[in-house]
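Student: I would like to learn how to read the spaces and strands of a protein model. Please take me through one example.

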Amino acid sequence: MRKIFSGKFLYIGMVAGFISINGCKLDAPIYPDSSTGTPVTDDAKKPRLFVSTYAQGLNTLPNPSRVCTTPDGNIYVTSYTDGKVFKLDAVGNVTVVLKDAKKPMGIKADKAGNVFVMLTGENKIVKIAPNGVVSTVKINANTNSAQDLAIANDGTIYIADTGNSRILKVDPNGTVTTLAGKITVFGLKDGKGEDAHFSYPTNIRLASDGFIWVIDGDGSNNYRGQTVRRVTQKGDVSTYFRQQDKTISIKDVAIAKIDKDFNVSSIVNVFLVYSNNTIAHFSTNGMQTILAKITTPGLTDGDITTAQFNSPAGISINGTSVYITDQGNNALRKIAAVQPN
């Protein structure tokens, strides 16, 4: 890894290309080092990150797209191409809880265990209750191929309105406002509210500190999944990460209070899944670690430094366990820390 300070940008070299972190236009201070407690300097004593296959098979989990976890430990996975939502229990049993849906993509759970699914092909959101009952969430807005949503503890929903290049906020009563971006205005510009521009916002996460993280394009019509942007509750938008290698895209983002070794952290950290089969951790002060390093596609479990993925598409974090939808392998993979012998 190398860091080059040049003006207001910090460039970080990594397997997935170069990422720039805009350090001048932040609306909150850069966080301190995300590690907690006394660091373990002896590598032999450090926990190892271990990859295992949670469920796998074309007939079991075909073409998994996005993933979320519920407070009771269940896991839900969408299949965009197969029009289904799957539920996986604590031991990996798979059941279909929604079928014949049109392009289910983004999926998130609330604190009560209700699961919300963005049906991109129908421009609507459905809710799957813990007892399996499915209902439609009423939203007074015309979305356009919206791909993802996030939900707050009070029931507020945030929508990545992909085709309209904006971020919507839906209060618990169903009232819709534009938090950032402007319909029909396409680009990549930081700012507040409608003065900020988005291109293809495809993924959205709400962090525990209230910030909203969005995967966006590069401001052109040619490339999606090139930037990670942060939005405040007041609609202030900052571009945090910029992917410089256009052949590699960011597929999903997760935010959690765990560090690169999966130790509990006092602040949020950023995890990114890339189209070249790598997975990266970023502390929000700009330090980066490539966790899964092998770019050659495959299905190999074990130590994360030698594990292989094939077109990972989604990521969700529950406690200190990380779940990855491994689309090319029709699998759900799990990453967890294990203590050395």
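**Spaces and strands**

Tutor: About 30 Å³ of space lies in the largest cavity. The model is predicted: local features need pLDDT of at least 70, side-chain atom pairs count only at pLDDT 80 or more, and totals for chains, interfaces and linings use all residues. Residues are numbered from 1 along each chain as its sequence is written, and side-chain values use heavy atoms, with hydrogens and water left out.

Student: What is a cavity, and what is a pocket?

Tutor: On a 1 Å grid over the protein atoms alone, a cavity is a set of points where a 1.4 Å probe fits but cannot get out, while a pocket is an open set with protein on both sides within 12 Å along at least five of seven lines; lining residues have an atom within 4 Å of a point. Grid points are joined across faces, edges and corners, and a volume is the space filled by probe spheres set on the points. Here, one cavity of 30 Å³ or more is found in the whole structure.

Student: Which residues line the largest cavity?

Tutor: Its lining consists of Arg66, Val67, Gly106, Ile107, Lys108, Asp148, Arg205 and Asp252. Strand 9 gives the largest share, three residues; strands are DSSP runs (E, at least two residues), and helices are runs of H or I (at least four), numbered from the N terminus. The chain has zero helices and 29 strands.

Student: How many residues line the largest pocket, and which lie nearest its centre?

Tutor: There are 26 lining residues, with Ala109, Arg205, Leu206, Ile255 and Ile317 nearest the centre. The space in this pocket is about 790 Å³. Strand 22 supplies the largest share of its lining, five residues.

Student: Where does strand 22 stand in its sheet?

Tutor: Two strands pair if DSSP finds at least two bridges between them. In this structure, four strands form an open sheet in the order 22-23-24-25, with antiparallel pairing. Strand 22 and strand 25 (288-292) are at the edges with a single partner strand each, so one side of each is left without a neighbour in the sheet.

Student: How many bridges join strand 24 and strand 25?

Tutor: Strand 24 (residues 279-283) pairs with strand 25 in the antiparallel sense over four bridges. For His281, the bridge partner in strand 25 is Thr289.
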